[in-house]
Every structure is written in structure tokens, then in C-alpha cells.
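I opened my notebook to look at how aromatic rings pair up in one protein. Here is what I looked up, entry by entry.

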Amino acid sequence: MSEYRTTAAAPVLVAAFLGRIFGVDPVTGRVLWEHKQDGAAGNSSTSLLVTPAAIYSATFSSVACLRYPTGELLWQSQTAQVHGRATLLLEGDRLFVAKGGEIQCFSLTGQSLWYNRFKGKGIGAVAMGVPDNTAQSDDPN
């Protein structure tokens, strides 16, 4: 369950770790809201992509969309349970989530549209891109 403010002055610094997403006042450091995302396993990483209207977050087995800047949960969906830090790419009306050599595509309402395991191609961090929009993986594995 999200705890969020109904009003918040932009910009809000968004931070995430261990499956928790925080809205932080960048002037004072005060936590404005916190959301615990499903699907965080142990010390799993949490990936973020922040736009002027939304915060997209991915953990071990879920992807979520929160309203920016309030942190209100808009939707949450399950992802393939693949180890590794997710790479997120937003392009048009699609959100791409890549982990461990696999890519899953979601609509902006959280519906899984397709999933490609790249079977037999190996396991590793994934970089994705289209012209003028590239997301590099920061996972060293």
C-alpha cells in the first residue's frame, strides 16, 4: 500500500532501493512519501525511470507505475522472474523491461504485450535503444 501526498511541489527527488521507492524533498532531504513494491527479493535492486508524469520501477518480479510527483500507485504487473538489475526504456506507448538477457514489453496501463527470452543466446545485462532513446544497463554482470 502506498503512502502518498495529494499535493507535492515539483521537483521531487525519487530514490529507490530494496523494493522501496521514496519521494524526497531535494532541499531538506525529508521523505515525502514511500511505496513498497511487490516482487523485491532479498537485496534485489530497484530500477527507476522518471518522467514529468510518471515513475516506472522494476524489481526482481514486478514493474510498477506511480504518479509523479505524489507517489500514488497507478498500476503494478508481474514480470518474468529473472535475476539482474532491470533496464527500463520508455518509447511511445510502450515500456520495455529487460533483465538477464530477456525483454518484456508492457503497455502504459501495465498489460504485458510480449516477452522474448532470446533462448539459447545467453544471460546478461541488456542495453536497449531506438534512435535518440537508448538505455544502457548499469549491471556489471
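This is a predicted model: local features need pLDDT of at least 70, side-chain atom pairs count only at pLDDT 80 or more; totals for chains, interfaces and linings use all residues.

**Surface first**

Of its 141 residues, 43% are buried.

**Strands**

Next I checked the secondary structure and found zero helices and 13 strands. I also looked at contacts with a separation of 6 or more: 38% of them are between residues 24 or more positions apart.

**Aromatic pairs**

How many aromatic pairs does the count come to? I got three aromatic pairs. I noted two of the pairs in detail.

The rings of Y56 and W75 have centres 6.5 Å apart and planes at 50°. Stacked needs under 30 degrees and edge-to-face over 60, so I wrote this pair down as tilted. Y56 sits in strand β5 (residues 54-58) and W75 in strand β7 (residues 73-78), so the pair links distant parts of the chain, 19 residues apart. I found both Y56 and W75 buried.

Then I turned to F96 and W114, a tilted pair with 6.0 Å centre to centre and 50° between the planes. F96 is in strand β9 (residues 94-99) and W114 is in strand β11 (residues 112-116), so this pair ties together parts 18 residues apart in sequence.

Is F96 buried or exposed? Its relative accessibility is 18%, and buried means under 20%, so F96 counts as buried. W114 has a relative accessible area of 40%, so I put W114 down as partly exposed.

Note on methods
Residues are numbered from 1 along each chain as its sequence is written. Side-chain values use heavy atoms; hydrogens and water are left out. Helices (H or I, at least four residues) and strands (E, at least two) are DSSP runs, numbered from the N terminus. Buried means under 20% relative accessible area, exposed over 50%, partly exposed in between (1.4 Å probe, protein chains only). Contact means heavy atoms within 4.5 Å.
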